[in-house]
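Welcome! Please take a look at the sequence and the 3D view below, and then we can walk through a few features together.

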Amino acid sequence: MLLALLVALLGAGGPGFVPEARAATLTEVTGFGTNPGNLRMFRYVPDGLPAGRPLVVAMHGCTQSAAAYDAETGWTKWADQWGFALLLPQQQSGNNLNSCFNWFESGDIRRGAGEALSVKQMTDRMKSDLGSDSARVYATGLSAGAAMTNVMLASYPDVFAAGAPVAGLPYACATSVLAAYTCMSPGTNLSPSAWADKVRAAYPGYGGPWPTVSVWQGTTDATVVPANLTETVEQWTAVHGTDATADATGTVAGYPHAVYRDGAGRDVVETYSLTGMGHGQPVDPGTGPEQCGTAGAYILDVGLCASYRIGLFWDLDGAGSPGPGPGPDPEPGPGSAVLPSLAADDGYVKASATGAGPAVGTLEGSLGVAVGRGTDGLHNRALFSFDTSSLPDGARVKRAYVTVTRASGAGDLWAAGNRLVVDIRTGCFGATCATAPDDWSAPASTAEAAEIGAFTSGTKSSTAFTAVNPAGITQARLRLASAPAGTAYVFLRPEAGATLTVEWE
C-alpha cells in the first residue's frame with residue numbers, strides 16, 4: 001500500500017528533462033543546519049541578484065528532483081526576469097521510496113521537527129547568504145510538494161508570506177499512510193473550522209498575519225481529486241476569518257478563477273480550476289511574455305503558465321512589495337464576473353411625463369421592477385443596483401452589460417422607434433442607494449450608456465458600456481427615451497433576474 005501511495009503521488013516531469021542553458025546554474029548547498037529531515041538543498045540565483053530580493057521555495061513531486069522542477073515549471077525564467085532567488089529542497093530515497101516529501105508523517109509536518117524544519121533551515125540559509133527580503137518569502141509545489149507547501153504555511157506562517165499548492169491537500173489531512181490514501185481520493189470532508197483548527201494548532205499562540213494562498217487543481221485529476229481544492233479553500237479562508245464563498249469570479253485563459261476576500265476586502269485565497277486537466281503542473285510552453293515551461297509527464301501544456309500567475313499573485317513582477325500576509329493586488333489578468341442585482345436596493349419610481357410628483361412604485365415584491373407607462377398613465381423608471389467592489393484593483397474594464405428578465409408586461413415599449421436606454425451611475429443616483437423619489441431625475445455618470453433592444457419573453461442584454469465603479473456600487477436606471485402616448489410597460493425580475501456582466505483586462 002505504501003508503494004501504491006508513493007507511485008500515485010508522482011511529481012512533475014521525469015528523469016529525461018534537462019534544464020535550459022543559462023549563465024546561472026542550479027547548485028547544491030550543504031551545511032544549512034541540523035537537517036533533521038535529511039533533505040538536500042539546491043538553489044538557483046540569477047547572476048548579479050542584489051540583496052533585498054524575494055525568495056521562492058519550490059518543492060518537487062514524487063520520483064522527482066530539484067533539477068527536474070526548476071526550468072520545466074517556468075520558475076527559473078521568472079527568477080531571471082523578475083529578480084528573485086529560487087530554493088529547491090530535494091527529498092532522498094532513503095527517506096521515502098519514491099522520493100516524496102513525507103507530508104503525511106506527523107514527525108515531518110510539525111514546527112521544529114523533521115522535514116518541515118529542514119526546509120525552514122534551508123530558507124534561513126538562503127536569507128543569510130543572499131540578504132533575501134524576509135517579508136517576501138513564498139512556497140509552492142506540486143502534489144506531494146504541494147501538500148508540503150501547506151505544511152510550511154501552517155507550521156511557519158511567520159516565515160512565509162504566501163503559498164501556492166498545485167494539486168495538493170489540506171494541512172494535516174493525514175498523519176499516516178492509510179489516511180493519506182483516503183485524503184487523496186475520495187478526499188476527507190471536514191468543516192472549515194475543523195480544518196482551521198489544524199492550522200492554528202501547528203503554531204499555538206500565533207496571532208498572524210497568515211499567509212495568502214493560491215490553490216490550483218485539475219478538474220479531472222484522479223490522483224488528488226478536486227474535492228481537495230474545496231477543503232483547502234475552506235481551511236485557509238477559515239484561518240483568515242472569512243467564508244468559503246467566492247467574492248469575485250471570472251476566467252483566465254478560459255479557466256475558472258475565483259477570489260476570496262477577508263473582512264477588510266483583501267484577497268486572501270484564490271483558486272484556479274483547470275477544466276479537463278488531470279494530475280500535474282499547468283504550463284504554456286513558448287517564448288511569449290506570459291508563457292513558460294516544458295511539457296512532459298505531470299507537466300501539462302494547458303495554455304496557462306501557473307508559475308506566471310502565481311508570481312503575479314505574489315507581486316513578484318515588481319508592482320509592489322507586500323509584507324507578510326495580504327498585500328497590494330497584482331496587476332489583474334483578463335477576467336469576468338456576473339453580478340446579480342441587490343434586491344434590497346432595486347425598485348422603480350413613478351412620475352408624470354414631465355417628471356413631476358415622483359414616488360416609489362409598490363409592486364416590486366409581487367410583480368417586479370417596472371419600466372414604461374402604466375395603466376394609471378404614470379411613467380416608470382427601473383433601478384438596479386450591483387455591488388462591483390469585487391473587481392480586482394487596477395482592472396481595466398473592457399466592457400460591461402446589463403441583462404434583464406421579463407416577468408410580464410403590456411403594449412410595445414419600442415413602438416414608433418422608441419428606445420429603452422440605460423443610464424449608469426458609478427455610485428448611487430440618489431442620496432442613498434435604496435430606491436427613492438430622487439432617483440427619477442438624479443444625474444447619471446453616463447446618460448444613455450447602453451440600450452436594450454425589443455424582447456417579448458425571457459432575457460435580454462444591453463449593449464456594452466465601460467462605466468463601472470470598482471470601489472462600491474454601480475447603479476443602472478432603465479427608462480424610455482420618449483414618453484409613450486399609451487400604455488406600454490414591462491415588469492422585470494430583480495436579484496438573479498437582473499445581472500451585470502463585467503469583463504476586464
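Which residues in H6 meet which residues in H7? Pro192, Ser193, Trp195, Ala196, Lys198, Val199 and Arg200 in H6 meet Glu231, Glu234, Gln235, Trp236, Ala238 and Val239 in H7, where contact means heavy atoms within 4.5 Å. This is a predicted model, in which local features need pLDDT of at least 70 and side-chain atom pairs count only at pLDDT 80 or more, while totals for chains, interfaces and linings use all residues. Residues are numbered from 1 along each chain as its sequence is written, and side-chain values use heavy atoms, with hydrogens and water left out.

**The chain as a whole**

- The chain has 8 helices and 24 strands; helices (H or I, at least four residues) and strands (E, at least two) are DSSP runs, numbered from the N terminus.
- Taken along the principal axes, the C-alpha atoms fill a box of roughly 85 × 45 × 40 Å.
- Of the 505 residues in the chain, 57% are buried; buried means under 20% relative accessible area, exposed over 50%, and partly exposed in between, with a 1.4 Å probe and protein chains only.
- Among contacts between residues at least 6 apart in sequence, 75% join residues at least 24 apart.

**How H6 and H7 pack**

- Two packed helices are described by the angle between their axes and the distance between the axes.
- For H6 (residues 192–202) and H7 (residues 227–239), the axes come within 8 Å and cross at roughly 70°; axes are lines fitted to C-alpha atoms, for helices over the stretch in contact, and angles run from 0 to 180 degrees between N-to-C directions.
- That makes H6 roughly perpendicular to H7, since angles of 65 to 115 degrees count as roughly perpendicular, under 35 as roughly parallel, over 145 as roughly antiparallel and the rest as oblique.
- The contact of H6 with H7 has 7 nonpolar, 2 polar and 4 charged residues; Ala, Val, Leu, Ile, Met, Phe, Trp, Tyr, Cys and Pro count as nonpolar, Asp, Glu, Lys and Arg as charged, and the others, Gly among them, as polar.

**How H2 and H8 pack**

- The axes of H2 (residues 75–83) and H8 (residues 306–313) come within 9 Å and cross at roughly 45°, so H2 and H8 are oblique to each other.
- Trp75, Trp78 and Trp82 of H2 make the contact with Ser307, Tyr308, Ile310, Gly311 and Leu312 of H8.
- By class, the contact of H2 with H8 has 6 nonpolar, 2 polar and no charged residues.

**Loops to visit**

- His240 sits in the loop between H7 and strand E8 (248–252), and counts as buried because its relative accessibility is 15%.
- Leaving aside neighbours within four places in sequence, His240 is in contact with Trp210, Pro211, Thr212, Asp262 and Val268.
- The peptide bond from Ser185 to Pro186 is cis, with omega near 15°, and Pro186 is in the loop between H5 (177–184) and H6.
- Gly208 and Pro209 are also joined by a cis peptide bond, with omega about 10°; Pro209 lies in the loop between H6 and strand E7 (212–218).
- Ala167, in the loop between strand E6 (162–166) and H5, has a positive phi near 60° and is buried, at 2% relative accessibility.
- Ala416, in the loop between strand E18 (397–410) and strand E19 (420–425), has a positive phi near 55° and is exposed, with a relative accessible area of 90%.
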